[in-house]
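Dear colleague,

I am passing on the structure below, together with some notes on what turned up in it.

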Amino acid sequence: MGRITLDHVAKRFGDLAVIPEINLDIADGEFAVFVGPSGCGKSTLLRLIAGLEDTTSGKIAIDGADVTPLPPAKRGLAMVFQSYALYPHMSVYGNIAFPLKMGGQDKAEIDRKVRGAAGILNLTQYLDRKPRQLSGGQRQRVAIGRAIVREPKAFLFDEPLSNLDAALRVNMRLEITELHQTLKTTMIYVTHDQVEAMTMADKIVVLNAGRIEQVGSPLELYRSPANLFVAGFIGSPKMNLIEGAEAEKRGATTFGVRPEHIRVSRDNGDWVGTVGVAEHLGSDTFLHVQADGVGPLTVRTEGEAGLSHGDRAYMTPDPARVHRFDANGKAMR
Amino acid sequence: MARAVSSRHRLVFTVLGWAVGLLIFFPILWTVITSFKSEGEAIASPPSFVFFHWTTENYVEVQARSDYFRHFANSVVISVGSTLIALVIAIPAAWAMAFAPTPRTKDVLMWMLSTKMMPPVGVLVPMYLLFRDTGLLDTRTGLTGLMTLVNLPIVIWMLFTYFKEIPGDILEAARMDGAPLRKEIIHVLAPMAVPGIASTLLLTVILAWNEAFWTLNLSAANAAPLTAFIASYSSPEGLFWAKLSAASTLAIAPILVLGWFSQKRLVRGLTFGAVK
């Protein structure tokens, strides 16, 4: 009941075409993530779906019904904002109850639903507090609670974890994923963080300058990026993209290999280079190597590698995990 | 401490501050003191400050001669009435300008404020004729309506600056929660803007209360507010300083009291826009 379809949707601000044209299908119950660099149009796209902005052209349909002319209130969607957007003059109870009040439901029903949502989100003991008395994570949960009680056809998340510290972000990520598994409602999630995208999504939509670069599951995008942009965007650290002689040898303009798919050795390998910076994370070590005749490479080794600045190292890319791109940046299969 | 201020510095500036404050307050202080003197002492030279025969005869005579409470009631009706009506008009207007601006919005705002730059005497004659021909001369309705329009640009401007401080996404959240525009303004915007609305309300009431030009020219006996009350004591017969002072004190007392109790809000209201 939460199937969303975008049909030739475009958005222009004056002469600027923020979204030239997008066609997209999101299935019922799917967790779709819109990911891309700043300014790629992902938030604009979300706001178009929400109804907070009008499309310049194109149709948006929810469960087959055209919602393009409808205002946000009538689309049956709920949104969680990056800044939480809680009502500061209302208590937590008031915030969560507000959409139900707007829907004209009776007091007993409102009370039941508010307490239900508060229970799911561990907010029951905070119901009387005002937003300014809550921590960031608690405020985010109130915002989610306010969305849940609407029992919407789909949830829209606009970079909800950007304002939280790293540890809290990891926890909230898990909570949202669990929520999705409990409620089984369609969720559209916007983020610039590809780690969030990879860990949470059923389907990732990679956007760049208002265009869809690729749509697919996280592992599909990881294993088979369709073009240079997706290859460089998904995966951290970035995929090594090499041009020149090495690429031509493999019949491509550019060829790419991920840091984790290069084997490092002190003795032998296809390439040799000098180690520059070595980043020790404990579980992994990332070596930034200047490879002779190839260029700068990032290489991952497991555990604590013995190599450090100035050492010579040999590297061999795994031939099964190499990606080739033509002159237009498209992947060659 | 980023900057060290010596205690001598502080003393100098404290004295200076008090001096400036007393200087500004002096006319009011003098008026109040004069109101308790007899007419003879009021014009005596050199003037006496504290050591004279204090009397309340001026207040008695002022009230007996012209009905203070009728003028007071007129002032209240005109200033409070015009402010409330202006608020009802200005809140939606400021909402539109703050949250749904068009390329013309800035021009409209500037144009509205520009109407305050013209000296009112420039339109005195047409306004008088308009009031006379429509039967609005010397009516509370006429004066209230006029005060509403005179202060409307300021009310809209102040509310606009307050509304701009409110994060737009809270209103968007209300929209997503199913609130139609009317409820968005009543349940979400207005409660959040209460400090701004309160400051605007106070300032506008004070402006309307003190407005002398229109109230003097367009009222006679029925709708005359306190401004006319004071003016009636500067007559061709001569200036009755003591009675004039008593009348003035009676006229400004209510607004002084209001200002005293709301001074925090007023200061916040007037300086808020400056810190951004």
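In chain A, A:Phe255 stands opposite A:Arg324 of strand β18, and these two belong to a pairing in which β12(A) and β18(A) (residues 323–325) run antiparallel over 3 bridges. Strand β12(A), residues 254–257, is also joined to β11(A) (residues 240–243) by 4 bridges, again in the antiparallel sense, and there A:Glu243 is the residue opposite A:Thr254. Strands count as paired if DSSP finds at least two bridges between them, while strands themselves are DSSP runs of E with at least two residues and helices are runs of H or I with at least four, numbered from the N terminus.

The model is predicted, so local features need pLDDT of at least 70 and side-chain atom pairs count only at pLDDT 80 or more, whereas totals for chains, interfaces and linings use all residues. Residues are numbered from 1 along each chain as its sequence is written, and chains are lettered from A and ligands numbered from 1 in the order in which they are written.

In a regular strand the side chains alternate between the two faces of the sheet. In β12(A), A:Thr254 and A:Gly256 point one way and A:Phe255 and A:Val257 the other, and all are buried (20 or more other C-beta atoms, placed from the backbone, within 10 Å of the residue's own; 12 or fewer is exposed, and in between is partly exposed).

Helix α1(A), residues 42–50, is mostly covered, with 7 of its 9 residues buried, among them A:Leu45 and A:Ile49. By contrast, helix α6(B), residues 124–133, has 1 buried residue out of 10, so it lies largely in the open.

Best wishes
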